[in-house]
Every structure is written in structure tokens, then in C-alpha cells.
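Good morning, colleagues. Please bring up the sequence and the model, and I shall take you through several of its features in turn.

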Amino acid sequence: MAETTNDQGIPEPEGPSDIIQTDYEIGQDNIETNVGPFNLDIHNPVFLISGLSIIAFVFYTLALPEQAGAFFTWMFGAVTKGFDWFFLGAANVFVIFCLLLIVLPVGSVRLGGADARPDYSYVGWFAMLFAAGMGIGLMFYGVSEPMSHFSSSFGGTAVGEDGVRTDWAPLGAAGANEHEAVRLAFAATIFHWGLHPWAIYAVVALALALFTYNKGLPLTIRSAFYPILGDRVWGWPGHIIDTLAVFATLFGLATSLGFGATQANAGLNELFGIPVGSTTEVILITAITSVALISVVRGLDGGVKVLSEINMGLALLLLLFVLIVGPTVALLTGFVDYLGAYLQYLPALSNPLGREDVNFSQGWTSFYWAWWISWSPFVGMFIARVSRGRTVREFIICVLLIPSLVCVLWMSVFGGTAIHQVVADGYTVAQDAPLELKLFKMLDVLPLTSITSFIGIILVIVFFVTSSDSGSLVIDTITAGGKVDAPVPQRVFWCIFEGAVAIVLLLSAGGLQSLQSMVISTGLPFTVVLLFMCWAIWRGLQAERRAN
């Protein structure tokens, strides 16, 4: 059994390892105080800067919703149009970096030290990676994204008076070729949910695991930059890195919560006639954040773990149900065909320069990469905490492939069923429905519609709760200077403000686009952080090789 360091529950390296000797102690910059009946143990200045900035942002958006909405809309266009090449190029770097780690000698480095052994069996580890690959996004986009790409690809290209394409089709579209439109639709979908996002997560997870379990540093983003910054990482450069991580995570979560509320509202309207609108969405976010608070107070084992297990069971049941009662043979053969289409179109889809499909590359891909990057501290920390004892090579292969295949299977089954309804049956209701309703319209023509749609709503809501709960734990760890046992009131604070940010952005004039604007704006600077993180990981792994 590994010993722990600084009573933080983080195991010390086992066997030869390049432990970084530093005078820094976890929590040395923290302020420990009481506010009324609440104990606080917060990092100065990361908590204060990020917390006060979020509070100011909430009040600004509430006080001037029209002005805020206009600003968010402008910012979304400016970042996606001006930096689409940067997001696409950076994501390619992350994939290539991960693939190199698999084949180079540093892949033999073991996370946790040369003698460390995995904390979880392969089955348990795969299950948790599977859980990390699921979320509100898969519920929202599982039907809507393949269907949207199919419709735009089949519709062909359109050029405006200025010579710029106005359609949303990926690449050069497919014209009237129905079969190729389906293949291109799934190639584009898998591109957004496959290797690239999971390479982003793998970089952050590997950095956290390596510098925490092998180097003995705090479980926080700044620790990964010790090879570059040295002891300056405990000063303002590190404060800026951790603050950016907080902003990115919070707005990434708020975006997901906004999508979840919109879809849950649409599903409740479909089933029970509950009105669709901002009032209902605010009530939903408030109620579900309240449930998330209970989960936060109960802790990991009593809260998020139980909810995650329930949700994974429900998600698997819904997946199997749609696979069995839907066009089973077409879905299974399509899964293989879609993977082939992904490999065929991957070079063109990942090209960052000279793209003519500007709406697709900027409105879809740039947003997705920023969204995944904003989620990377959250998902990366989760993956790091369950991956101790794995070699780097084993870690990268499994983190890239297992969740990617789960996402591809989910999209193939749900999106494939909806597209089959259009192509084979002429049922176009799901195709014509708004994004948040496409899942429920697809389920409408399958057996047990009321039950499956209700399960879909429950899945969205519980994913909402677990995302808010887990995100609060991660942000709290960062803003507590790497402490994993910080007082509960701090997690409660972040949980409340995740919901508050989602509400005020939905209420602003831009609605969902305001959410997208903030996630892509916070994702931009954090992309730079991740690029430097690759270099830090490389230096850290080389030092581990020398120590062994």
C-alpha cells in the first residue's frame, strides 16, 4: 500500500522516480478563515481573483442583458473567424503528440513510479473511462449532429454574393449522393467526438498524473509547468495558469448545463406539455443545481459515484433498446462503415488552412475544440485520479481509444437510427425538429415512446447533476491550492455559481450563443497553456526515463 503525502490522500511514488525537490508545501499560500458558520481554506489569490471575477460577470450580465448579449455574439464571431486555424492546428498537435508517446521509449514510464501497480482492474478502469466519455453533450448531439451534417451534406454547397459559402456542409458536401452524405455526416461527427477531443483530455490527464504521482507536486494545473518555470510556478505565472483553468472549466460546464436545460425543457414539453422558455429553463437549472448541492455535500462516494453508476446503467439500457428495436443490422454495419469514412476524410477535416467550409470549420469545429479544451481540467483530473499505475503507453492507448469508440457507437446508434428513418422510411420529423428536440422526435416512432423519452430526460438531468458536482470538486481543488479535502462550503460556492453563470448567459440576449461565446473565449488562452503543457510533459518524461 502506498503512503500518502502531506495528508492529502495522494500516494507517494513507488520505486525509482524523479521526485521534484521544492520547498513549496501544499496550502502554504492559503487563507484559512471563517465566514459566519462556514470554514474556508482558499488559495490566495486564485480563489479571490476567479471568484470575484465570476461574481462581477454574473451581475454585469444580469444588469445589462442586451449589451452583454451583443458583446457575446461579437466575441463568438471574432474568435471563431480569427482563430479557427489556431484551434484546428493545436488539436492536431495534441493528437500527434499522443501518438508519438505511444511509440517512443518514454511510453514505458509508469505513472506513480517504477514499482506502482494499477489501483483498478482493466474492467473497472475501462468503465470509468466510459463514464468520462458520456455526458450532456452526447444526449444533446447524439441525434442532432449526425442529422444536421447529413442534411447540410445532402443539400450541397451554396455561395453568397461575396463568394463565401453560406451552407453548413462539411468539406465539399455530397451533392445528391445520399449514401455519401451519410458517410460524410458521420465522418464529421466522429471527427468531433473521436481522437482529437480525447487527445486534449489525455494531455491534461497525463500532465496531472505525471507531476502529481511521479514528481510529488500538488494536484493542480500549475504543477505541470515546473520543468519550464521552476519555483516561479508557485508565484504569479502559476496563479494565472490556475485562474485560466478555473475560468475555462466553469464556462465549459455552464455551456453544458445550458444545453442540458434546453433539452430537458424540450423533452418535458414533448411529454407533459410544460411550457418551453427561459422561465422553465431557469427553474430547471435552479432545481437541478439544488440536487447537485446535495450530491456535493455527500461527497464523491455518496454522491457523484452513485449517480454516475445509475446514469451509466440507464444510458446502456437506452443504447441497447434503440439498437435492438431500430435497424440493428444497418446500425452495426454502419458503425464499421462510418469508422472507415472517418479515416478517409480525417486529413481534410483536420486541415487548419484554406478551408472553404467556413461555417462548418468555424461554427462547429472551432467551437467544439474550445469546448473540449475548457472541459479538459475537469475530465483530465478525473482520468488522472483513476489511472495511477498505468504506463504512459497503456494510458494513451486506452484513453484515446476506449472513450472514442464509446462515443462513435453512441452516435452511430442514435444518429444512425434517425437518418435511417429519413432515408428508408421517409420520416422527416426528427430531421426538421430543432436541435434540442431531435432525440425525442427520433424516439417517437419507436416502441415505448413515453418510457424511453422519460429515460432520456432523466439521463440529461442526472448528467447535469454529476457534471455540476464533479466540476465543483475540480474547481475547488484548483482554488484550494491542490488540496483535495478542502471544506465543503467552498464546493457549494462553486456549484451555485456554475448554475448562476448558466442562468445569466441563457437570460442574456444571445441565449445559447452567449454560452458558446464564453466557452470559446476562455478556451482560446487555455489552448496556449495546453501547448506549453506538451513540452513540460516531454521534459518530465525524459527525466523519469533517466531516473529509472
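Histidine 43 has a relative accessibility of 1% and therefore counts as buried; that term means under 20% relative accessible area, with exposed over 50% and partly exposed in between, for a 1.4 Å probe and protein chains only. This is a predicted model, in which local features need pLDDT of at least 70 and side-chain atom pairs count only at pLDDT 80 or more, while totals for chains, interfaces and linings use all residues. Residues are numbered from 1 along each chain as its sequence is written, and side-chain values use heavy atoms, with hydrogens and water left out.

Histidine 43 belongs to strand β4, residues 38-43. Strands (E, at least two residues) and helices (H or I, at least four) are DSSP runs, numbered from the N terminus. What does histidine 43 touch, leaving aside its neighbours within four places in sequence? Its contacts are Tyr24, Asp29, Asn30, Leu48, Arg222, His239, Thr479, Ala480 and Gly481, a contact being heavy atoms within 4.5 Å.

Proline 45 sits in the loop between β4 and α1 (46-63).

I turn now to a pair of helices. The axes of α15 (residues 449-479) and α16 (residues 488-507) come within 8 Å and cross at roughly 125 degrees. Axes here are lines fitted to C-alpha atoms, for helices over the stretch in contact, and angles run from 0 to 180 degrees between N-to-C directions. On the α15 side, the contact is made by Ser468, Gly471, Ser472, Leu473, Ile475, Asp476 and Thr479; on the α16 side, by Gln490, Arg491, Trp494, Cys495 and Glu498.

Two residues deserve a remark on backbone geometry. Alanine 173, although not a glycine, has a positive phi of about 65 degrees. Alanine 173 is placed in the loop between α4 (136-155) and α5 (178-193), and at 18% relative accessibility it counts as buried. Leucine 448, likewise not a glycine, has a positive phi of about 55 degrees, and lies in the loop between α14 (438-444) and α15.

Finally, the whole protein. Its secondary structure comes to 17 helices and 4 strands, and 60% of its 548 residues count as buried.
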